[in-house]
Amino acid sequence: MKEKTVISIVVPCYNEEQTIDLFYEELEKVRRTMTEDFEYIFVNDGSKDSTIDKLRNLATQHRERVKYISFSRNFGKEAALYAGLAKSTGDYVTVMDADLQDPPELLSTMVQEIKTTDYDCIGTRRVSREGEPPIRSFFAKQFYNVINKISDTEIVDGARDYRLMTRQMVDAVLQMTEYNRFSKGIFSWVGFNTKYLEFKNRERIAGETTWSFWSLFKYSIDGIVAFSEVPLAIASIIGLGSFIFALILSAVIIVRTLAFGNPTSGWTSLIVIILGMGGLQLFCLGILGKYLGKTYLEAKKRPIYIVKETEKNNLNKE
């Protein structure tokens with residue numbers, strides 16, 4: 001008798017005590033309508049609430065399909081995604097957020113698509129950002145415009161981490177062991193045929209998002225640095241442009257002095273030039289420093305995450 005196809009569901013969690021039970025109930029409703037079996041892999045990313053207690057209870061009640069990993073501290077969502085993918089054993093693997101902003105009902109369609117077509121990945125993308133602050137939506141759109149112009153790796157506007165991948169694609173992603181991770185770019189960089197399903201934005205089922213505007217901004221900068229060297233070229237162009245401008249200005253000053261003498265110049269223009277050039281130099285040094293900092297972190301070869309507890313530790317205590 002042929003064994004059931006298993007789908008591993010990787011769920012990063014950070015302060016999600018209010019959503020975990022609701023998430024599991026909704027996914028179980030979907031599972032009962034499908035012929036495939038589910039393997040849940042929750043990753044507690046150093047939560048400060050009772051998320052870990054919720055995961056322990058869930059793993060105790062549903063030992064046959066619920067697993068979890070708990071980090072020693074907060075390592076970030078990217079580390080949680082990698083840990084969940086590494087622990088997964090299913091024929092197909094999907095990544096979902098615990099807040100149910102990723103529509104669970106799309107999962108059956110995704111499975112059908114990946115089984116009946118040549119696609120290796122069925123992703124999802126939001127076609128609207130209703131409910132988000134306008135400034136956040138504006139900057140998100142600009143980020144996709146910028147990174148797709150300066151990077152060879154295409155990142156689809158509105159693409160979510162929520163996607164169903166074949167085991168072959170997951171293994172390819174796991175080969176990308178860099179410390180500084182940007183999963184949206186990694187999913188695209190490894191290749192494989194991908195199709196996107198569209199859906200409208202949904203509000204969180206409970207709790208509050210931990211993604212502030214500043215954290216999203218830093219995340220976008222990390223994405224640009226990880227998949228483009230254009231900022232380094234920009235720094236070089238700015239330096240070259242400043243040098244050429246200085247040569248032209250020197251020529252103008254020499255010609256003016258020979259033609260009209262050397263009248264006393266005001267200090268204002270001098271201060272403006274000094275501040276302008278100093279600002280450009282600091283800007284270019286900042287770009288170089290960002291890349292150097294990322295290189296430094298990679299060179300230290302630190303682990304992407306450290307595990308404190310899994311469902312096996314919980315079972316041993318019983």
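Analyst: Cys121 is buried, with a relative accessible area of 0%; buried means under 20% relative accessible area, exposed over 50%, and partly exposed in between, with a 1.4 Å probe and protein chains only. The model is predicted, so local features need pLDDT of at least 70 and side-chain atom pairs count only at pLDDT 80 or more, whereas totals for chains, interfaces and linings use all residues. Residues are numbered from 1 along each chain as its sequence is written, and side-chain values use heavy atoms, with hydrogens and water left out.

For the setting, the protein chain has eleven helices and eight strands. These elements are DSSP runs numbered from the N terminus, with helices (H or I) of at least four residues and strands (E) of at least two. Of the 318 residues in the protein chain, 43% count as buried. Among its contacts with a separation of 6 or more, 83% come from residues 24 or more positions apart, where contact means heavy atoms within 4.5 Å.

The sheet itself is open and is built from eight strands in the order E7-E5-E6-E4-E1-E2-E3-E8, with mixed pairing; two strands pair if DSSP finds at least two bridges between them. Strand E7 (194-199) and strand E8 (307-310) stand at the edges with a single partner strand each, so one side of each has no neighbour in the sheet. On average, neighbouring strands are turned by 20° against each other, direction ignored.

With E4, strand E6 pairs in the antiparallel sense over three bridges, and Tyr92 stands opposite Thr166 in E6. Strand E5 (residues 121-126) is also antiparallel to E6 (residues 159-166), joined by four bridges. Gly123 has Arg163 in E6 as its bridge partner, and Ile122 stands opposite Leu164 in E6.

Angles run from 0 to 180 degrees between N-to-C directions, and axes are lines fitted to C-alpha atoms, for helices over the stretch in contact.

Next comes the nonpolar interior. A nonpolar core is a set of buried Ala, Val, Leu, Ile, Met, Phe, Trp, Tyr and Cys residues joined through side-chain atoms within 4.5 Å. The largest such core has 33 residues, of which Ile9, Phe23, Leu27, Phe38, Tyr40, Phe42 and Leu107 touch the most other members. At least two of its residues come from each of E1, H1, E2, H2, strand E3 (66-71), H4, E6 and E7. Phe42, leaving aside neighbours within four places in sequence, is in contact with Val11, Cys13, Ile20, Phe23, Leu55, Leu58, Val66, Lys67, Tyr68 and Ile69. Another core, of 26 residues, lies apart from the largest one and includes Ile41, Cys121, Ala172 and Leu174.

Ile41 belongs to strand E2 and is buried, with a relative accessible area of 0%. Not counting residues up to four places away in sequence, Ile41 touches Ser8, Ile9, Val10, Val11, Lys67, Gly84, Lys87 and Ser88. Its C-alpha atom lies 7.5 Å from that of Ile69, 28 residues apart along the chain.

Helix H1 (residues 20-31) packs with helix H2 (residues 51-61) at an angle of about 35°, their axes 10 Å apart. In this contact Ile20, Asp21 and Tyr24 of H1 meet Thr51, Lys54, Leu55 and Leu58 of H2. The residues involved divide into four nonpolar, one polar and two charged; here Ala, Val, Leu, Ile, Met, Phe, Trp, Tyr, Cys and Pro count as nonpolar, Asp, Glu, Lys and Arg as charged, and the others, Gly among them, as polar. Helix H1 also holds Glu28, which is buried at a relative accessible area of 7%. Beyond residues up to four places away in sequence, Glu28 touches Tyr40 and Arg65.
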